[in-house]
Amino acid sequence: MGGSVSGGFGGNGSYGGNGGAAGASGANGLIFDVTTQSFMQDVMEASRQQTILVDFWAPWCGPCKQLTPVLEAAVAAARGAVKLAKMNIDDHPEIAGQLGIQSIPAVIAFKDGQPIDGFMGVQPESQIKSFIERVGGAAPANPADEYLDQADTLLAEKDFGGAAQLFGAVMQAEPDNVRAISGLAQCYLGSGEKERAAQALDLVPEDKRTDPSYTAAKAALGLAEQAEDLGDLTDLQDRIDRDPLDLQARFDLALGLNGRGDKEGAVDQLIEIVRRDREWNEDGARKQLLQFFEAWGFKDPASAYGRRRLSAVLFS
């Protein structure tokens with residue numbers, strides 16, 4: 001799906017490194033089962049190269065089932081700082097007995113062939129992440145983050161093709177990366193391809209649609225669709241010139257100016273409405289400004305400009 005959406009910019013790619021989706025962690029060898037027979041090689045010897053966590057569990061253990069998804073997600077997020085060996089003590093009780101483990105779940109970290117730290121019982125995600133950093137060090141940098149930062153810079157510079165190639169490269173490795181998908185949608189919006197932008201946003205999983213990058217792109221799409229219906233902005237400006245109190249014309253002009261990339265001009269029209277009649281259309285001008293800020297993003301210079309002007313009017 002990602003390929004069909006991003007293809008309009010003529011490129012997709014991939015980036016190097018060991019980053020990837022958390023769901024692929026087992027396939028990448030970060031999480032594996034271990035037996036009494038394989039413990040010496042897969043844990044003791046392997047820990048001389050990399051910290052190995054051993055999760056002692058059993059099928060009947062309710063707390064083990066609570067810990068498993070949190071622990072495995074934290075290991076995947078650590079991107080190779082540690083590996084996780086899963087040992088079923090019903091099938092392989094010997095190692096747990098030798099280590100004096102009397103309660104499960106129990107997680108023991110091995111390094112250089114020796115147990116160095118551990119914990120028992122269900123732990124919150126934050127404590128598990130701190131444990132992993134303590135025994136395995138900080139996770140290596142995710143190469144996707146650097147690509148996304150570069151793409152955001154190109155997007156701000158209106159290099160929509162260059163930004164789209166970087167967003168698409170991240171999507172090749174991480175198809176559910178919300179920031180990459182939403183960034184690609186913004187590229188399509190910048191190029192006037194609203195239908196493709198909507199298709200891109202449809203790729204974002206339902207449970208990730210509260211992400212700020214998604215809500216910003218969704219708001220921008222809504223604004224672009226509003227602006228499309230306004231047509232020629234000259235008529236709106238003429239109406240304002242004839243009657244400065246034609247606040248609906250100012251409001252519509254603000255939408256149109258934003259659609260054409262004149263963000264500060266759009267801010268000025270809405271601020272003028274607030275200045276002349278704060279209650280117009282149930283505080284509609286201020287609410288529209290807030291939608292602009294959401295669509296543009298907190299760091300956008302136009303958002304900062306708009307917040308300054310709005311504060312000056314509201315608190316003068």
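What covers the buried residues of helix 3? The notes below start there and then move along the chain.

1. **Ground rules.** This is a predicted model, in which local features need pLDDT of at least 70 and side-chain atom pairs count only at pLDDT 80 or more, while totals for chains, interfaces and linings use all residues. Residues are numbered from 1 along each chain as its sequence is written, and side-chain values use heavy atoms, with hydrogens and water left out.

2. **The cover of helix 3.** To take up the opening question, the cover includes strand 1 (31-33), strand 2 (51-57), strand 3 (82-88), strand 4 (106-111), strand 5 (114-120) and helix 5 (125-136). The residues being covered are Cys64, Leu67, Leu71, Ala74, Val75 and Ala76. Buried here means under 20% relative accessible area, exposed means over 50%, and partly exposed is in between (1.4 Å probe, protein chains only). Helices (H or I, at least four residues) and strands (E, at least two) are DSSP runs, numbered from the N terminus. For background, an α-helix has 3.6 residues a turn, so residues three or four places apart point the same way.

3. **Geometry of helix 3.** The 16 residues of helix 3 (residues 62-77) should span 22 Å at 1.5 Å a residue, and the end C-alpha atoms are 24 Å apart, which agrees. The expected span is 1.5 Å times one less than the number of residues. There is a kink of about 30° at threonine 68, shortly before proline 69; the bend at a residue is the angle between axes fitted to the seven residues ending there and the seven starting there. After the helix comes arginine 79, with a positive phi near 50°.

4. **Phenylalanine 110.** This residue lies in strand 4 and counts as buried, at 2% relative accessibility. Leaving aside residues up to four places away in sequence, phenylalanine 110 touches Phe39, Val43, Met44, Ser47, Gln50, Thr51, Ile52, Val54, Leu99 and Pro115, where contact means heavy atoms within 4.5 Å. One of these, glutamine 50, is 60 residues away along the chain, with 8.7 Å between the C-alpha atoms.

5. **A cis peptide to check.** The bond joining isoleucine 104 and proline 105 is cis, with omega about 5°. Proline 105 sits in the loop between helix 4 (94-98) and strand 4.

6. **The chain overall.** The chain holds 15 helices and five strands. Of its 316 residues, 44% are buried. Among contacts with a separation of 6 or more, 67% are between residues 24 or more positions apart.

7. **The largest pocket.** Its volume is about 1500 Å³, and 45 residues line it, with Gln186, Lys263, Ala295, Trp296 and Asp300 lying nearest its centre. A pocket is an open set of points, on a 1 Å grid over the protein atoms alone, where a 1.4 Å probe fits and with protein on both sides within 12 Å along at least five of seven lines; lining residues have an atom within 4 Å of a point. Grid points are joined across faces, edges and corners, and the volume is the space filled by probe spheres set on the points.

8. **Who lines the pocket.** Helix 10 (212-228) is among the helices that each supply at least two lining residues, and its nine residues are the largest share. The lining divides into 17 nonpolar, 14 polar and 14 charged residues. In this scheme Ala, Val, Leu, Ile, Met, Phe, Trp, Tyr, Cys and Pro count as nonpolar, Asp, Glu, Lys and Arg as charged, and the others, Gly among them, as polar.

9. **The loop between helix 13 and helix 14.** Asparagine 281 is found in this loop and has a positive phi of about 55° although it is not a glycine. Aspartate 283, also placed in the loop between helix 13 and helix 14, has a positive phi of about 65° and is not a glycine either. Asparagine 281 is partly exposed at 47% relative accessible area, whereas aspartate 283 is buried at 10%. Arginine 278 of this loop touches Ile273, Asp283, Arg286 and Leu314, not counting residues up to four places away in sequence.
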